[in-house]
Amino acid sequence: MFYVNEERIVNTDRVTRMEILDAVEDVFGPSGAAKADIIDRAECYGARPALIEVLARLDEAGRCATVRNLWKDLPDVPIE
């Protein structure tokens, strides 16, 4: 879906890094977070299906130490 704001056309279906941060930033503890933990947190947050689909692309192996590590697996996700 698209809408026009004063400066540009905005795609409301696109998942952004800011949306991901809102949904999962508090899941990262001292030992980081596994993919399953990140997806569970997003689901508890009430994230829309498109966001869950993006998170499903994360690497299964290992843990993300911080939220910044997500962008290594999701480099194509725009900031806003």
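Okay, let's start with a definition: buried means under 20% relative accessible area, exposed means over 50%, and partly exposed is in between, using a 1.4 Å probe and protein chains only. By that scale R63 is partly exposed, with a relative accessible area of 46%.

Before going on, a word on the source. This is a predicted model, where local features need pLDDT of at least 70, side-chain atom pairs count only at pLDDT 80 or more, and totals for chains, interfaces and linings use all residues. Residues are numbered from 1 along each chain as its sequence is written, and side-chain values use heavy atoms, with hydrogens and water left out.

So, what does R63 pair with? Its side chain meets that of D37 in a salt bridge at 3.8 Å, N to O; a salt bridge here is a side-chain nitrogen of Lys or Arg within 4 Å of a carboxyl oxygen of Asp or Glu. R63 lies in the loop between helix 3 and helix 4 and D37 in helix 2, so the pair ties together parts that are 26 residues apart in sequence. Helices, by the way, are DSSP runs of H or I, at least four residues, numbered from the N terminus. D37 is partly exposed at 31%.

E60 is exposed at 60%, while K35 counts as buried at 11%. Another bridge joins E19 and R48, also at 2.7 Å, N to O. E19 sits in helix 1 and R48 in the loop between helix 2 and helix 3, 29 residues apart. The count comes to 5 salt bridges.

Now for R17, in helix 1.

On to the inside. The largest nonpolar core has 21 residues, and I20, V24, I38, L55 and L70 touch the most other members. Such a core is a set of buried Ala, Val, Leu, Ile, Met, Phe, Trp, Tyr and Cys residues joined through side-chain atoms within 4.5 Å. Helix 3 gives the most to this core, with 4 residues.

Last, the cysteines: C44 is exposed at 65% and C64 buried at 12%. With a disulfide being a pair of cysteine sulfur atoms within 2.5 Å, the search of the whole structure finds 0.

Notes
Helices (H or I, at least four residues) and strands (E, at least two) are DSSP runs, numbered from the N terminus.
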